[in-house]
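Student: Can you walk me through how some helices pack in this model? Keep it quick.

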Amino acid sequence: MIRYAGLVCTVSIALILGSSTGAQDARTFITHALTLEDVPKYSAEFEHREYVNPNAPKGGTLRLFAIGGFDTFNPFITKGDAAVGMGNIFYESLITETQDDSLTGYGLIAGQIEVAHDLSFAVYHLRDGAHFNDGSPITAHDVVFSFNILKEKGLPFYRYYYGNVSEAVALDSQRVRFSFSGPPNRELPQIIGQLPILSKEYWEEREFDKTTLEPPLASGPYKIVEFEPGRFVVFERDENYWGADLPINRGMYNFYRIRYDYVRDDDVSVEAFKSGEYDFRAEGSSKKWATSYDFPALHEGLVKKEMLRHYRATGMPSFVFNLRKPKFQDKRVRKAIGLCFDFEWSNKNLFYGQYTRSRSFYDNSDLASEGLPSNAELELLEPHRGDIPDEVFSEVYKVPVTDGTGNIRRQLQEAFSLLSEAGWQVENNQLVHTESGEVMEIEFLLQSPDFERIVSPFLDNLGRLGIQGSIRTVEPAQYENRRNEFDYDMITVVFGQSRSPGNEQRDYWGSAAADVPGSRNFAGIKDPAIDVLVENVVEAKTREELKVATRALDRALQWNYFVIPTWHINSDRVIWWDKFGIPDVKPMYGVGLLSWWVDPEKNERVEAYRN
């Protein structure tokens, strides 16, 4: 039986930034960790994460897969298709999270963090001995360079996420001060610590906004040692990794090599797994989970297949309308189209009953709106009465529910009524706008053929209203380019959420992001009322204020029908070849794969079978 780390969580009062270990002056205090909980899970004296084996052996290879291809090792810009695996095993940040304490950032490159009590600035103190993989020291000047180059030339995300970080200054070689603008922001001291740290000396000699297949200089536990563009990339453990003995890393990063092989589509990846070409798979398809893994190695105990419960916020998986298209600007049209998606039939006939219908943008968390608005929520919503849908104030939001038989005549009648109100009528079996003469046509842009079986019944229902629906499935690089340029009618998106939403909400819903290529405002929302509700989330000073602000924003997003909610699952479906040692404790918010290790005896048995 797997135990879960940190199952009992408390969240209540204002931002408490870790356990103080000293003070720079009366305005600040110094801590080993920044948290949005009451206190960090781990004290300054902790020895290792709870969900690791600190004595795990090092060695062996973890073989994984990726879909599509890659043409760059720069994941920080909109150009190119970056190789997978460039995250925390390659690039590092000032602080890092654990999978059993997702609201806390523990010092990584920075050993201590000094924070102003009024949240106007934070000073990160870098660890002595922290260095890049070539042995060159990580300095405050590298941190300042990273901040400036990412905001100037990086993905649009960085400009919004760090929009209220007004300045980064190197106080000396080991200390960097970040100054904050605007109202006190409970997240900023912590999220600026998530900044990826790049080598100033390395990147000043290169064009940062260009794609590159030169393995970059980084500081993480693994280095790129071998690759073929679009085919595979191999990361090898750096035996001189500077942070190997840190408590936060003890028992982690046990594999000698991590290899990603690229395959052309997900069906090929399943067969590659079954034939033993890679070791671990997180399954995203309910159909594949139910039907694709009946093979001898599983029955013989050489492969393990489990659904592991998680406690992550599931966010909002959805079909997203592109409001930049005039045909979608009337919310009655969006609501009508949403009525044609029959989740209950799909769950029964396509998903093997594995899913729950998503309702809130913050599902599976205490941030989701429920019932009618509370008095505290109404204080935030009332100033926008008349600018946000009236239903926000008087009705409980519910997603449409069918009987699962496929007969949705009542829903179609309601949809047709809404479309008629919005000026659309059926002429010659086509839905036509009575004034403009535009025919309602919707192209669903997909990157996986697996979704075609899900969208096709949806299109059949739309067709009963005279809507001309079509599917366009493209390869991943083309999909990403079209998505970045907002070249679509509808796409499928999971708006992922943390347990503490904040600055990133501007990138999801903010007017300023709507026309910025590469932003995550996929719907193209430009709504002043939504902008204010987003800022309420960003500026929340306590956990209770955050709950109120997030629930108010949730209601406004729901009743505007910017998306069609789809489904979620609160378990990770994982399958792996039984070659690993696994810690007894499983983290609450993930699988903990990088705490696993290769067990020599198990590996010998698996390799004998494979060969």
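This is a predicted model: local features need pLDDT of at least 70, side-chain atom pairs count only at pLDDT 80 or more; totals for chains, interfaces and linings use all residues.

Student: What is the mean pLDDT of the protein chain?

Tutor: The mean is 93. pLDDT is the predictor's confidence in each residue, from 0 to 100. 96% of the residues reach 70 or more.

Student: Where does pLDDT stay under 50?

Tutor: Over residues 1-24.

Student: New topic. At what angle do α16 and α17 pack?

Tutor: About 155°, with the axes 8 Å apart. Helix α16 covers residues 528-538 and helix α17 covers residues 543-559. Helices here are DSSP runs (H or I, at least four residues), numbered from the N terminus. Axes are lines fitted to C-alpha atoms over the stretch in contact, and angles run from 0 to 180 degrees between N-to-C directions.

Student: Why call α16 and α17 roughly antiparallel?

Tutor: Because angles over 145 degrees count as roughly antiparallel.

Student: Which residues of α16 meet α17?

Tutor: I530, L533, V534, N536 and V537. Their partners in α17 include L546, A549 and L553. Contact means heavy atoms within 4.5 Å.

Student: And how do α8 and α12 pack?

Tutor: At about 160°, with axes 8 Å apart. α8 and α12 are therefore roughly antiparallel too. On the α8 side, R332, V333, K335 and A336 make the contact.

Methods. Residues are numbered from 1 along each chain as its sequence is written. Side-chain values use heavy atoms; hydrogens and water are left out. Helices (H or I, at least four residues) and strands (E, at least two) are DSSP runs, numbered from the N terminus. Angles under 35 degrees count as roughly parallel, over 145 as roughly antiparallel, 65 to 115 as roughly perpendicular and the rest as oblique.
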